Amino acid sequence: MTNIAKTIRERRSIKAGYMDKEVTQETVLDLLKDAVWAPNHGLREPWRFIFVPADEKEGFVEDLVKTFPPDMRDNRRNYFSQPAAILVVVMTEDPRQKQWDENFGAIGAMIQNFQLLAWEQQLGVVWKTNPHIYDPKVHDLLGVEKGEKIAGFLHLGYFDEVPPARNRTPIEEKFSVYGK
């Protein structure tokens, strides 16, 4: 198995159990410099990023939880306080369906690149697409403009324990040959 195949198979979404170690802006920028080499049609580069570092996270979380109903705020405060840092991925929307689909495919490829690169540094990443990413109040908080969408929040944190692998469906069950 090649190194890249091994990394693809070993990478996990790290959802909790983060170590008390800062995720620096420099680290995130270094990872993004390579991650953005993902395939993207017409080199549209349909992404931009909003980084929430450790020293801004508490204020950000307090602003973010205000967008939730009062009865959910404590739960959401705990949820968003877990990662060491958050990277918000914003996608350029295109009114043309084909280009919109291509842009979202590019975002997915770029995020996968980011996750694989982070994994090599024992930096855990989980791509979150919870309902708040569609909330206009969250868009206002983050300066997401008309013609953009939040593709997700990437929760970031260093880890020392790897969750066990979950089985995948054998590929033969999802593979067919045209004409047979």
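A residue counts as buried under 20% relative accessible area, as exposed over 50%, and as partly exposed in between (1.4 Å probe, protein chains only). The model is predicted, with local features needing pLDDT of at least 70 and side-chain atom pairs pLDDT 80 or more, while totals for chains, interfaces and linings use all residues. Residues are numbered from 1 along each chain as its sequence is written, and side-chain values use heavy atoms, without hydrogens and water.

**Salt bridges**

Side chains of opposite charge can pair when their charged atoms come close. A salt bridge here is a side-chain nitrogen of Lys or Arg within 4 Å of a carboxyl oxygen of Asp or Glu. The count comes to 10 salt bridges. Among them are these:

| Pair | N to O distance |
|---|---|
| Lys-33 and Asp-30 | 4.0 Å |
| Arg-77 and Asp-74 | 2.7 Å |
| Asp-94 and Arg-96 | 2.7 Å |

Helices are DSSP runs (H or I, at least four residues), numbered from the N terminus. Helix H2 (residues 25-35) holds both Lys-33 and Asp-30. They sit three residues apart, about one turn of the helix. Lys-33 is exposed, at 56% relative accessibility. Asp-30 is partly exposed, at 46%.

Arg-77 and Asp-74 lie in helix H4 (residues 73-81). Three residues separate them, so they are about one helical turn apart. Asp-74 is exposed, at 60%. Arg-77 is partly exposed, at 26%.

Arg-44, Lys-98 and Glu-102 form one network, joined by salt bridges that share partners.

How values were computed
Helix = DSSP H or I, 4+ residues; strand = E, 2+ residues; numbered from the N terminus.
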